[in-house]
Amino acid sequence: MSSVVPLAPKQGSLAAAGTPALAAVRVGSLDAYRGAVMLLMMAEVLEFCSVSTNVPGNAFWRILCYHQSHVEWIGCSLHDLIQPSFTFLVGVALPFSLARRSHIGQPQWQRTAHACWRAVMLVFLGILLRSVGQPQTNWTFEDTLTQIGLGYPLLYLLGFQSRRVQWSSLAFVLIAYWLAFALYPVPQEDAGRPISGFSAHWAKNTNLAWAFDTWFLNLFPREQPFIANAGGYATLSFIPTLGTMIFGLLAGAVLRGARASGDKIRWLLVTGAATLLLGILLGATGICPVVKRIWTPSWTLFSGGWCLLILAALYYVIDVRGFRRWAFVLVVIGMNSIAAYVIAHLFPGFIVSTLVTHFGPQVFGVIGSAYEPLLRGSLVLLVLWLVLFWMYRRQLFLRV
C-alpha cells in the first residue's frame, strides 16, 4: 500500500545546515506550506474549544476555538483551509514529480500505473482511517485522502496537457458542477434549511450530492441504511476538489517554469486575488454560496485564491529571500505529510494513555484544570513531532 523510502542526502534542501537533506533541489516553500497545513490538523489535540468552555467570556480562547472548528455551513475559518491547502499542494507537486520521473527515464506506462496505484491507495487509506474503532468497514468517501484519490487520475492526465486545456478543464468542472446543483429541485417543505432562495440548491442534506449518496453509499455493507451525513459532507465533492488540484497544477507549472522569481510571485498574487474575489462575489450575490462541506464552485475559487496567496508569501520569504531556518519545524512535518496524517489519526490516544501510565492521571492538571486539555494536547503534539523528526533524521519518508 505504501512504503517508507530512505533518501540519500544531497544538496538543495530547505534543511538547516548540519541536518539531512532530500535528494533533489526542492522548492522549500512547498514543504513549509505542507508542514503548516499538517501542523494545523495535528494541533486539533490542543482542544482550544474545551479551554474556551472552561474559561467562559475569554475572547482570546473563543477566537482560537472558532479557527480550530469548521463553520456550520457558509463561510470559512482557518481550520476550513486545511483540506483545500493539502489538496492544492498535491496539484503543485505534480509537475515536479512528472519532470523527475521523466528525467530518470521512467517509461510512460510505468508513470501511469504508479498514478493509478497511488489513487487507489489514497482512496482505501482514507477509508481505513475512517474505519478505525468502527464495528465494520466504514464505506465513506469524504475523507481528504479519499477525495484526492478519486480525482487524482484525471489530474495526472491533465498534467500532460497545455495550460489552455488545464484552464478550460477547470472552468468546465466548476460550471458543470454548479449547473448540476442549480438544476436539482429544492424540496418544497422547509427542512430547517439555514439558507433559502436560489442558494437553497446548496442547502445541507437536501442537495444533489446528498441525493447521490443516499443511493451510492447504500450499495456498500452498512450497519444501518445511509440517510444523511451529520456534517453534510458528500462523495461528489471530489469533482470540485479536482478543481482545487488543478489550481495547484497551474501554480506548480509556474513555479517550475523559467519565469523570473518576481514574475512567479506576481502571477500567484494576481491570480490568487482575482480568484478569491470571484469566489466572494459569487457567494455574496447568492449565485453560489461559499460552502466548504460540499465544496461548492465558489468555495473552490475562494479557497483556491487563499492557497495561491499563501504560497506566494511563503515562496517569497523562503525561496526568494532565503529565510529558511525558521521553517525547519514545518519542513520536518511537510516532508512526511502522509506519515503525519496517519499518526495524527492513530497515535494520540496511545500517547495519552502511555503518559498517564508513567506519570499518573494528574500529569495534565499541573497548570490548572481549565487548561488540562491544552497541556495534554501540547504533550501529544510534541511527541508526534518528535516521531516525525526521528524519521526525518533517518531520511525515512512515507510515500504512497
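Predicted model: local features only at pLDDT ≥ 70, side-chain atom pairs only at ≥ 80, totals over all residues.
Student: Let's start with α4 and α6. How close do their axes come, and at what angle do they cross?
Tutor: The axes of α4 (residues 82-103) and α6 (residues 144-158) come within 11 Å and cross at roughly 35°.

Student: Is that crossing left-handed or right-handed?
Tutor: The crossing of α4 and α6 is right-handed.

Student: Which residues meet there?
Tutor: From α4 you have Q83, F86, T87, V90, G91, L94 and L98. They meet T144, L145, Q147, I148, Y152, L155 and Y156 of α6. By type, the contact divides into nine nonpolar residues, five polar and no charged.

Student: New topic: α10. What span should it have, and how far apart are its ends?
Tutor: Helix α10 covers residues 261-284, which is 24 residues, and at 1.5 Å a residue it should span 34 Å. Its end C-alpha atoms are 34 Å apart, so the two agree.

Student: Which of its residues are buried?
Tutor: The buried residues of α10 are K264, I265, W267, L268, T271, G272, T275, L276, G279 and L282.

Student: And what covers them?
Tutor: The cover includes α7 (163-183), α9 (238-256) and α11 (297-320).

Student: What follows α10?
Tutor: G286 follows α10, and its phi is positive, near 80°.

Student: Okay, switching to I351. Where is it?
Tutor: I351 sits in helix α14 (residues 348-359).

Student: Buried or exposed?
Tutor: I351 has 6% relative accessibility, and the cut-off for buried is under 20%, so I351 counts as buried.

Student: What does I351 touch, leaving aside its neighbours within four places in sequence?
Tutor: With those set aside, I351 is in contact with V380, V383 and L384.

Student: How far is I351 from G159?
Tutor: I351 and G159 are 41 Å apart in space, C-alpha to C-alpha, and 192 residues apart in sequence.

Student: Last thing, the rings. How many aromatic pairs are there?
Tutor: The structure holds 25 aromatic pairs. One of them is F328 with Y392: the ring centres are 5.6 Å apart and the planes are at 80°, so this pair is edge-to-face.

Student: Which helices does that pair link?
Tutor: F328 is in α12 (residues 328-334) and Y392 is in α15 (residues 372-393), so to speak distant parts of the chain, 64 residues apart.

Student: Why do F328 and Y392 count as buried?
Tutor: F328 is at 18% relative accessibility, so F328 counts as buried. Y392 is buried with a relative accessible area of 1%.

Student: Which rings form a cluster?
Tutor: Ring pairs link F124, W139, F141, F212, W215, F216 and F220 into a cluster.

Note on methods
Residues numbered from 1 in each chain as written. Heavy atoms only, no water. Axes fitted to C-alpha atoms, helices over the stretch in contact; angles between N-to-C directions. Helix = DSSP H or I, 4+ residues; strand = E, 2+ residues; numbered from the N terminus. Left-handed = near helix turned anticlockwise from the far one by under 90°. Contact = heavy atoms within 4.5 Å. Nonpolar A, V, L, I, M, F, W, Y, C, P; charged D, E, K, R; others polar. Expected span 1.5 Å × (residues − 1). Buried < 20%, exposed > 50% of the residue type's maximum accessible area, 1.4 Å probe, protein only. Phe/Tyr/Trp six-rings, centres within 6.5 Å; stacked < 30°, edge-to-face > 60°.
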